[in-house]
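Work through the exercises below with the sequence and the 3D structure at hand. Each task is followed by a solution in steps.

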Amino acid sequence: NLEVLQIRGRFTEYPLEYESFGHENLKTLIIETADLSDYNLDEICSSDLPSLEYLEIWLGRQLEDEVDSLSSILNYDSFPNLKYLGLKSGEQSDRLAQAIVNSPILEHLYVLDLSMGTLTDTGVEALLNCPEIEQLDTLDISYNAVSEGAIGFLSELDINLIADNQAEDPYYSDRYSTLHE
């Protein structure tokens, strides 16, 4: 009857064994790590979790291409009841934002959480150019590198915006996700 599973760890020292994971009742899955591998992310995305509503993954910096690895989630193939998607601490946040707006997932989500990553005005522009973004209840872009001007444009949308603690210089070229600062 487990409904919430939260895993936190350093998977380079203690690899996450996740093959063929399935659970009928699990509603919340949170994976917190700085070193999730492409293999682990593929396994998470292919899990059989039909009741999953809340998915939070801290992406970290070990992924070769987090956008490709997340394609089954973004195409809404993996979890048919997903309402909250948290893709935190991403190293490729602008590319991820572009992939999200080009996917069908926004039509189904209430909350999109892209916090603690490397999101800049480029990623925000992609979000602003997507009409489906206004179907969200909440967008969390806190702890990124977004300018005040871009936050102002997002604030005009009819959604709850969380945009706290942006980098002081959003144009700084050597940004890191929060887990690596």
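**Exercise 1: a salt-bridge network**

E56, K88 and D113 are linked in a network of salt bridges. This is a predicted model, in which local features need pLDDT of at least 70 and side-chain atom pairs count only at pLDDT 80 or more, while totals for chains, interfaces and linings use all residues. Residues are numbered from 1 along each chain as its sequence is written, and side-chain values use heavy atoms, with hydrogens and water left out.

Task: Find the distances in this network and place its members in the strands.

Solution. 
- Step 1. Apply the rule: a salt bridge is a side-chain nitrogen of Lys or Arg within 4 Å of a carboxyl oxygen of Asp or Glu.
- Step 2. Between K88 and E56, the closest N and O atoms are 3.7 Å apart. K88 belongs to strand β4 (residues 84–90) and E56 to strand β3 (residues 54–60), so this pair ties together parts that are 32 residues apart in sequence. Strands (E, at least two residues) and helices (H or I, at least four) are DSSP runs, numbered from the N terminus.
- Step 3. K88 also meets D113, at 3.5 Å from N to O. D113 is in strand β5 (residues 111–113) and K88 in β4, so the parts tied together are 25 residues apart in sequence.
- Step 4. Check accessibility, where buried means under 20% relative accessible area, exposed over 50% and partly exposed in between (1.4 Å probe, protein chains only). K88 and E56 are buried, and D113 is buried too.

**Exercise 2: R8 and E32**

Task: The structure holds three salt bridges. Describe the one between R8 and E32.

Solution. 
- Step 1. The side chains of R8 and E32 meet at 2.6 Å, N to O. The pair links distant parts of the chain, with R8 in strand β1 (residues 4–8) and E32 in strand β2, 24 residues apart.
- Step 2. R8 counts as exposed because its relative accessibility is 65%. E32 has a relative accessible area of 9%, so E32 is buried.

**Exercise 3: an aromatic pair**

Task: Say how the rings of Y54 and Y84 are arranged.

Solution. 
- Step 1. Rings of Phe, Tyr and Trp (its six-membered ring) pair if their centres lie within 6.5 Å; planes under 30 degrees apart count as stacked, over 60 as edge-to-face and the rest as tilted. By this rule there is one aromatic pair.
- Step 2. The rings of Y54 and Y84 are 3.9 Å apart, centre to centre, with 5 degrees between the planes, and the pair is stacked. Y54 in β3 and Y84 in β4 are 30 residues apart.
- Step 3. Y54 is partly exposed because its relative accessibility is 25%, whereas Y84, at 12%, is buried.
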